[in-house]
Amino acid sequence: MVVSQHLLEHTEEEDVENSTQNPDTNTPKPPQKKLALLPLIFLIYFEVAGGPYGEEAAVGAAGPIFAILGFTAFPFIWSIPEALLTAELATTFPGNGGFVIWANEAFGPFWGSLMGFWKFFSAVINLASYPVLCIDYLKLMIPALSSGIPHTLSIFISTLFLSFLNYSGLAIVGYSAVALGVVSLLPFLLLSLISLPKIDPSRWLSFGQEGVKKDWTLYFNTIFWNLNFWDSASTLAGEVDQPHKTFPKALFFSGMLTCFGYIIPLLAATGAMELDQKNWSGGYFADVAEIIAGKWLKFWMEIGAVLSIVGLFEAQLSSAAYQLLGMADLGFIPKIFGDRSKKFNTPWMGILVSTIIAVAMSFFSFNEIISTVNFLYSLGMLLEFASFLWLRRKFPLLKRPFEVPLGMKGLILMCLIPSLLLVYVMSVATKAVFVASAFLTCLGILLYYLMNLCKAKMWVE
């Protein structure tokens, strides 16, 4: 709580002078409506979580006690360090490149560019999972969408529709996220309240059913995937009203919303029902709602799942598109990727490219998508932790509107524990995931040198 109080207190400091430190933020932009605190809270929330949908697999993989411990301890091991790092660097270097700017400032353009491609590939591949999940929930209500041409066509149309909503403006997306968040969380609040008289705390201590083998790879991938991407909203820093004040507050409140949004429904569901571990997989919360409260709550939860997925898609597409805009400002990719819509002031080229890749990736299996996302994201986060520590050493006197209240030894320890977790997540990846990640890394390096050649030959700006 001391760290949280410190995070909130620092939002009252005066604005930081960034004109000399962040040349990318000096690019002339047309007048635009800046993101306020409330929509930013829900955009970060949807970057990270979007609701308890998807945490069921942790119970199926390791049993109630490990699932509860995971979603209780993991925020302290992983989420808080990542959020604190993001609060410091996003307010010190508030440009649309986010983590790309940080790696560039710390280690130079090669690593800045590689960071950009790692994070961009992980974001757009992750983006591909959401229309698939959305249709998976809708097919429960509309069986015709289960397979064949209707299934494929519905994924394609839903992706295009959601992308157009993003094109219509970041402020619209932000306030839509607020509405989507409230509606999708309400059924879990009702489920938790209705479950209260039925809860038996001894059920929380179950290590799982006898004969059910623990799947630690699935367990860690599930928790990691449900609680990462805290830094993704940093690519929107250039669109935020008074980022030095707004960002730390938004990270704090979205962190509270995420943690309680996961742990309370998990405690309610596992405590109110006898354990049938094999049923605990994606979408099982809807069945729990029917068992505990009736079909009406199951229906609401399925609708809430669809709305939550919409919010996840919109938040992550925004981050990916504005990241490309920031990379274009830094000269890592052609300036056309920084073009904004004249009507909505949104990065239309970034949205278009991200959408095309997401559509192409949507035909892979969900598990393949998530494993590749986790591996690429882990590579980016290891570089991000290194950039954070090196910037502290490189610019010790740099004015930081928010500063993590630790010395260098404390910061190293703060980054070391989650870094070990990242290495573990990468070590359990399959050969196919490793090969795909190596290919995308080589592609990013090739694109960096190709861009340098094009600039040297004056083929691009």
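A salt bridge is a side-chain nitrogen of Lys or Arg within 4 Å of a carboxyl oxygen of Asp or Glu. Here, Arg400 and Glu88 make one with their side chains (3.1 Å, N to O). The model is predicted, so local features need pLDDT of at least 70 and side-chain atom pairs pLDDT 80 or more, while totals for chains, interfaces and linings use all residues. Residues are numbered from 1 along each chain as its sequence is written, and side-chain values use heavy atoms, with hydrogens and water left out.

**The Glu88 pairs**
- Arg400 sits in the loop between H14 and helix H15 (408-427), 312 residues away from Glu88 in helix H4; helices are DSSP runs (H or I) of at least four residues, numbered from the N terminus.
- Arg400 and Glu88 are both buried, meaning under 20% relative accessible area with a 1.4 Å probe and protein chains only.
- Glu88 also meets Arg392 in a salt bridge (2.9 Å, N to O).
- Since Glu88 lies in helix H4 (residues 64-92) and Arg392 in helix H14 (residues 366-394), this pair ties together parts 304 residues apart in sequence.

**Joining up the network**
- Glu403 forms a salt bridge with Arg392, with the closest N and O atoms 3.8 Å apart.
- Glu403 is in the loop between H14 and H15 and Arg392 in helix H14, so this pair ties together parts 11 residues apart in sequence.
- Arg392 is buried, at a relative accessible area of 12%.
- Put together, Glu88, Arg392, Arg400 and Glu403 are linked in a network of salt bridges.
- The whole structure holds nine salt bridges.

Key. Helices (H or I, at least four residues) and strands (E, at least two) are DSSP runs, numbered from the N terminus. Buried means under 20% relative accessible area, exposed over 50%, partly exposed in between (1.4 Å probe, protein chains only).
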